Amino acid sequence: MTDMTVDHDAPDPTEWLPRLDRANAAAGHTGADGQTGKGKPVYLAIADAIAEDVRAGRLVPGQRLPPQRALAARIGLDFTTVSRAYGEARRRGLVDAHVGQGTFVRAAAPPPPLAALVRPVAEPRGNDRPFIDMTMNQPPIPDHPALLDALRRSAADAVLGLEAGRFLRYPDNSGGDGAAADKAAALRWLHPRLPGVTAERLILCPGTQGALLALLTLLTRPGDTVIAEAMTYPGFKAAARQLGLTVIGAPMDADGLDPDALRPLIERHRPALLYCMPTLHNPTATTLPLNRRRALAALLRDQALFAIEDDIYGPLLSDGATDDGPPPLAALAPDRVFHIHGLAKCLSPALRVAYVVAPDARQALRVTGALRATTLMASPLTTAIATRWIGEGLADRLRDALRDEARARQSLAAAALPPGCFVADPQGFHLWLTVPPPWTRGEFATHLRTRGIAAVVSDTFAAGDTAPGEAVPEALRVCLGAAANRAECRWVLSVIAEALEQSPALAGVIV
């Protein structure tokens, strides 16, 4: 009888081969530690190649991969490395293995529909209208399905590509390859606004709030006084109060913080530091002009005062000629400024990643110590996603999409609301809305709530002690990014416009 036994390990020249780096892994040129020339373990490079070819359609669901021994022989690797690679691919959900049959590409689960992320674009009407919470200054969700899908896939790949030590252990203090890659991405992202920053001055933090807490812990002691703009970020106020600090409000005008009015406050109170948001200020939407930034930088040096610059909205700014706007305060006084660059507004609040630039390497080490004592570390998982998005150019695309969506919504506001009743920036997500008499800010906010809209009154932003004669303005912050889409945003603006044309007595009665 003829022997019909099939040799499953026999090589087939038409079978799939991983596209590895030609200079090393594909030719079998790996080190004794099983690394490719780029420092990545070969088994991970093979698993990454499977993922990439599945995504590109070069591997299709149900396709059989080469037997492990055959693949090892063809690319000049040992069997253990290929076996480990197939195991990693199974762990990622890319393939299924069947004893006696082989390893097959798994049918991919369809991505969640965009309808799960974005409410329908129909105008909200009647009892079906959702409650719209505009108290958080959310970036809008851009109407770019392909971009959203690319972000989702990139985030998954970033996490899947992590070594076990990066998601199952605390990071070490040696500044290994992972931390170096994260810092390199951060420096690339910061470069348009802060060129020349070195890795020794950079600290990765778990969001802006975590960075603020670490810096306040480092630079102040309970009982100290700190100065902020008269209208300031509530998260800063909360952190300062938690640490037993007194917050003094510095006068502002239509251009933002006034350095001339700030000097006597510094001389009188001798604060531990200044906190400010020079670019796309929250809540007043002002951007400090260059001449005031220079004056503020000179004042910090003259008074030997440190400042915390919150630049969370900086990447969104465009002055029409460049994409960068006025330079950050840290570029004008790098020796006196701790610069916080959070990603929550320019990319996504879900990342919880912020980059802090310290005046020098010594101060950076001190910030790192304060960070360990407060929030410990930035999450390696979300930091890896941010690094991946920056490296693939998705961060730039997302920021630009957010700018475009902000411009569209600000155009809706300009068309719907009476001229002069609000301050905003074309790239900003919010309006600083002044309510006319006889309205008060509290009455106006209550009226909006009866219509299913929540906005924030100016009292929320008032720094603890304001300058003599400074009153809390009759104003609200309205966050356009909270609306699910432009149709919903248009409806909110129509409700606000209608209320502005009425008196409180005619707007509705609560009994």
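Aromatic and charged side-chain contacts

Arg69 lies over the face of Phe79, 4.3 Å from the ring centre. A charge is taken to sit over a ring if NZ of Lys or CZ of Arg is within 6 Å of the ring centre and within 35 degrees of the ring normal. Arg84 is likewise placed over the face of Tyr43, at 3.9 Å from the ring centre. The model is predicted; local features need pLDDT of at least 70, side-chain atom pairs count only at pLDDT 80 or more, and totals for chains, interfaces and linings use all residues. Residues are numbered from 1 along each chain as its sequence is written, and side-chain values use heavy atoms, with hydrogens and water left out.

Rings of Phe, Tyr and Trp (its six-membered ring) pair if their centres lie within 6.5 Å; planes under 30 degrees apart count as stacked, over 60 as edge-to-face and the rest as tilted. By this rule the count is 4 aromatic pairs. One of them, Phe236 with Tyr275, is stacked, with 4.2 Å centre to centre and 5° between the planes. This pair links distant parts of the chain, 39 residues apart: Phe236 belongs to helix 8 (residues 234–242) and Tyr275 to strand 9 (residues 273–276). Helices (H or I, at least four residues) and strands (E, at least two) are DSSP runs numbered from the N terminus. Phe236 and Tyr275 are both buried, where buried means under 20% relative accessible area, exposed over 50% and partly exposed in between (1.4 Å probe, protein chains only). Trp439 and Phe444 form an edge-to-face pair, at 5.0 Å centre to centre and 80° between the planes. Both Trp439 and Phe444 are buried.

The whole structure contains 24 salt bridges, each defined as a side-chain nitrogen of Lys or Arg within 4 Å of a carboxyl oxygen of Asp or Glu. Asp404 and Arg407 form one at 3.0 Å, N to O; both lie in helix 14 (residues 394–416), 3 residues apart, about one turn of the helix. Asp404 counts as partly exposed because its relative accessibility is 42%.

A salt bridge at 2.5 Å, N to O, joins Arg441 and Asp459. Arg441 lies in helix 15 (residues 441–450) and Asp459 in the loop between strand 16 (456–457) and strand 17 (475–479), so the pair ties together parts that are 18 residues apart in sequence. Arg441 counts as buried because its relative accessibility is 16%, whereas Asp459, at 38%, counts as partly exposed. Salt bridges that share partners also join Glu52, Asp53, Arg55, Arg58 and Asp157 into one network.
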